[in-house]
Amino acid sequence: MKYKTRLKSFAAALSFASLLTIGGAIKASAEDVVLHMAVPDWPPTRIMKAMFDKEYKPESGNKVTLDVDFIPWPDFYTRVNASLTSGEKKYNMAVSDSQWLGAFVEGGYFRKINDLIDADPALKTAMDGMHPKILNAYSTYPNSTPNYYGFPQFPDILVSYARKDIFCNDEEQKNFKAKYNKKLPCTGEEMDSIDWDLFGNIGEFFMRKKGDMLAGQPADDDFYGVAFQVGKGYDFSSTSVHSFVWQAGGDIWDETKAPDGHAEGQVNSAVAVKALDHMLSFIKYMPPVAKTGTMDIFKSDELFRAGKVALNVDWVGLGEASLDPKTSKVADKLIFGKAPGTMGADGKINRTSQIGGQPFVLTTWNTDVINKEAVGFVKWWLSKDVQMEYASKGGQSAIKEVYSDPKYVSLRPWNRAWASQLDDQKDMWHVPQFFDLLTQQQDQYDLAITGKQDAKTTLDNVAKYQEKLLKDAGLIK
Amino acid sequence: MTTTVIQSTPSSLTTLAPDNWKLAIIGGLGVSILACLALPATISFWIVALMVAIVAAAFVVNAYRRHYYGGLLAAPAIAVLFVMNIFPLLWSLGLSFFAYQSNQQTIRFVGLANYSKLLTDDLKAPELWANLTNTAMFTVLTVSVQMLTGFLLAVLFAKQFPLRRYLLILVLTPMMLSVVAVGVFFSYYYDPTFGIISQVIKAWTGEQFILFSSKTGAVAGIVFADAWMWSPFVMLLVLAGLVSVPTYLYEAAAIDRVGSWRRFWTITFPYIRGLLMLALLFRTIEAFKMADLIILLTKGGNDTMTISYHVIRIANEQNKTSEGAALSYLLLFVVIVLTNLYLYIANRRSQGN
């Protein structure tokens, strides 16, 4: 008797459970498809979401909604990492920083998309039309092999933000010429010619104390020459160091040369040490917060918008705020040029630069229906008209057909400097040990930036650590 | 209520009854082991969970039939404690003996290798040691500043004066704020360009003041922010002790013309000593775990990295789960030793008096 009731209740529980699972399965294959997506919270993704909600009509006839988690930048990696590794399988798509590819591909979270591209001619055309440097940086793992994991979402590049009212002032022009025998750049094209020497001159020239004359009137607060990212958080000093090292002819540990390429000897080569010293030499012309190791991309942008800096090198992705008079004191006084580079012996400027920006990826647990809708969305997103509209609202496109359109240059004031730098972009590592490599060298660079350690010791420490880590991981023989 | 019903014979091991918890344990264990061996992990996990539920149910029915209501009432709390606290603790202890990264699908038993790597590796051990000394420094500095400030504030607020209640609320506010808000607030407070400290000092010297440009400055900034936030906590505890001192003792002391210093040592201090010790214990444990303010203010820059932040980095950001677990257990060991030492001293003191 007792036995029977027990069995009965067990059976009841079982049928209830099966009902639930069947219910879930039915729901997934119905007309409503929700794409859950993790993205950083900033204009490029906000614009994408707004355009999706307003304009996207899926070809399949399903009702597709894009459920987007906007995560603040400083937490973005931690939150996405926690969600993926915890196995909650929450997101179908995610914006991923290109360097994360290895870690999350090896973990089995990011889906290889070669089959989806090959199966869809329109998508293949879009991917083939991408700028190759961008495609390699954003989509491939191992780095620069034809194994694709990401669709470029926002190709971000460093540009110079400068103050027209100060650079074009006659008095300043005259004094600069007298002091350095060089023309102080005033137009965007002239800004393009800034190499690090001229950059240093500008930095030194525009250091003003409160009350000193600045562009014809006394400065209301201390004013500083230049700014670029040299912060401890995330990759905010590595970005700058890598660019300096590459431009000087050195290199970081190059994963495409594994397993024969070593870190020791390469990372701490004499050229690299000189390049790091070169970078450190500009900190004295920056707002003093740089000496505390917290000058990140947001801080330098904030200082520039508050009118404290003459020239700032920062991502175009942060540009919208400086154009808006509500958030920027300098909204009507902007000139944009290419990011500075190193003058070569041949008289050409080498601007090899650490690329920014992100691809978006699909996760491995998506059902076929979800994948189909996601591909539909990506195809729509990468189509020419949509990319053009995105660019007109403040986004960027890596598709050649779009960015080489004559209209494109006029869409945003920095676009002229943006597209011409695409060829110079390069990415750091895509290996799974990326975050380990990054945090250790960020710690070391911080010691150099805050003046606790010289460049040689810093790079020696970085090289020693990387050599051991990569050897243990089997990436160096 | 009659008591006749429950006088049933104690069920033997083999009878299938809902209160036979012994059988439930044996059966549950057997089924769990079989399920773990034969089925894939995703299914066996739920089977094991079901077995645990059945055993728990048997315990509950058994307790109910025996009128053991006290245990029944405490059971949910114990269950929550087990699920949320003890189980994860044991799980992470287990993990610390494996080579496991949360973003990789492989796991391998390595014994004590994680521990020995942390303690002897020529790159990791110095880092661990540096972070530990930093943590010790922060603990000593923040706790002593907080104890002193909190105590003095309590002495102040134990007296009656106009607007006391409103001021008290104001003083308690920092404790109720979110750490993130405090961190952002102080990062602007200390900022050389926008910050008020720098502006005030600049009015005197003409130079912007960069507090975080040296380790001393960075440590001072962090200690000040932490003390600003948590001194009120110490004050609250000490204040509770101060107001509990019976006034007749003070009156008697006044009649005997006892000096104020002696009055404090012989009357006030014995009443607040226990609470002071409690405040010290709480704050020491908390200070030992400090990471939030450092992440917000310096991101570990200027050699202000603490051991907790180090654990967060290894376990959550670099996904080296088992190494992080091993480090956490080293940390736990240190905290347990310190706490017991403290309790031992505190107990001996109170027995001695």
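Modeller: Start with two helices. The axes of α12 (residues 238–247) and α20 (residues 434–449), both of chain A, come within 10 Å and cross at roughly 85°. Axes are lines fitted to C-alpha atoms, for helices over the stretch in contact, with angles from 0 to 180 degrees between N-to-C directions. Helices are DSSP runs (H or I, at least four residues), numbered from the N terminus. This is a predicted model: local features need pLDDT of at least 70, side-chain atom pairs need 80 or more, and totals for chains, interfaces and linings use all residues. Residues are numbered from 1 along each chain as written, chains are lettered from A in written order, and side-chain values use heavy atoms, without hydrogens and water.

Colleague: Is α12(A) parallel or perpendicular to α20(A), roughly?

Modeller: The crossing angle is roughly 85°. Angles of 65 to 115 degrees count as roughly perpendicular. So the pair is roughly perpendicular.

Colleague: How many residues of chain A are in contact with chain B?

Modeller: Contact means heavy atoms within 4.5 Å. On the chain B side, 36 residues take part. They meet residues of chain A numbering 41.

Colleague: Which residue of chain A meets B:Lys202 in a salt bridge?

Modeller: A salt bridge puts a side-chain nitrogen of Lys or Arg within 4 Å of a carboxyl oxygen of Asp or Glu. Across the interface of chain B and chain A the rule finds seven. For B:Lys202, N to O is 2.8 Å, and the partner is A:Asp221.

Key
Parallel < 35°, antiparallel > 145°, perpendicular 65-115°, else oblique.
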